Amino acid sequence: MKKLIASLICAVLCCVAAATGCAKQVNYLNFVSEKRTNVYVYEDDDVSIKVNCSYKEQPYSADGIKGEVGGLCEIFVSLPKNPQELEVDFEGFGGEMNYRAVDNLYYLSFTAEPFTKNSLEIKLTADGKENVYAALTVLYAGVLSCDEAVLCVVEHAGTLFESLTVNGVFDGEIFVRLLYDEGCYYYVGVCDKQKHVTAFLIDGEHGKVIATKETDG
């Protein structure tokens, strides 16, 4: 009887070890459905401009399933006085911006590969009056890449990733977004097929997890 119990325990441990080893061999970067790689910012006493550069699932849906991913640029503009019409032009892209009353800002998105240069020259035309601004990248030496940020979370939350890995396939999707607040940070979200998201905020230089939050879609 003791031999039978020992054999069963051994079998279970072997299965667990095999599953863990299998999970570690999975390239979780293949399951990233949103990757914000760069952010550009301009701000003075009156004008605020932010440009987010990403690779993002199209159409976007936080459902635990990675769809087709493409380049996306989003620009947000806040002005002291809202014009009747606001147009933006930079890097060969642009158009008329849409006003978001809830956020009190203007917004425009378009399909484009993420920019990698240090600054963007942005021309705003408000009711026929033009102004040009230089938005600078928030990236600086020593900041981790999106891929490195994801791998830091994989290492930190190994049990979570292993629980969502079945037969060598990750049963979910991953979001990673570069954030800036007097320094660079990353948001990394792990979404399963029940739309449950485990989110991690990590230090952009050292990959240390600062906070964790769980939400249901």
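In which loop is N167 found? In this predicted model, N167 lies in the loop between β10 (165-166) and β11 (169-170). Its phi is near 50°, a positive value in a residue other than glycine. N167 has 75% relative accessibility and therefore counts as exposed, the cut-off being over 50%.

E91 also has a positive phi, about 55°, although it is not a glycine. This residue sits in the loop between β4 (86-90) and β5 (93-96). Its relative accessibility is 32%, so E91 counts as partly exposed. Another backbone feature occurs at P59. The peptide bond from Q58 to P59 is cis, with omega near -5°. P59 belongs to the loop between β2 (48-57) and β3 (69-78).

Helix α2 spans residues 146-156. Within this helix, C146, A149, V150, V153 and V154 are buried. Viewed down the axis of α2, these buried residues fall within an arc of 145°, so they line one face of the helix. Their cover includes the strands β1 (32-43), β12 (172-180), β13 (184-192) and β14 (196-203). Helix α3 (158-163) is also part of that cover.

The largest pocket holds about 270 Å³ of space. It is lined by 15 residues, of which L79, K81, P83, A126 and N131 are the closest to its centre. Strands β8 (119-126) and β9 (129-137) each supply at least two residues of the lining. By residue class, the lining of the largest pocket divides into eight nonpolar, four polar and three charged residues.

How values were computed
Residues are numbered from 1 along each chain as its sequence is written. This is a predicted model: local features need pLDDT of at least 70, side-chain atom pairs count only at pLDDT 80 or more; totals for chains, interfaces and linings use all residues. Side-chain values use heavy atoms; hydrogens and water are left out. On a 1 Å grid over the protein atoms alone, a cavity is a set of points where a 1.4 Å probe fits but cannot get out, and a pocket is an open set with protein on both sides within 12 Å along at least five of seven lines; lining residues have an atom within 4 Å of a point. Grid points are joined across faces, edges and corners, and a volume is the space filled by probe spheres set on the points. Helices (H or I, at least four residues) and strands (E, at least two) are DSSP runs, numbered from the N terminus. Ala, Val, Leu, Ile, Met, Phe, Trp, Tyr, Cys and Pro count as nonpolar, Asp, Glu, Lys and Arg as charged, and the others, Gly among them, as polar. Buried means under 20% relative accessible area, exposed over 50%, partly exposed in between (1.4 Å probe, protein chains only). The arc is that of the directions from the helix axis to the C-beta atoms. Contact means heavy atoms within 4.5 Å.
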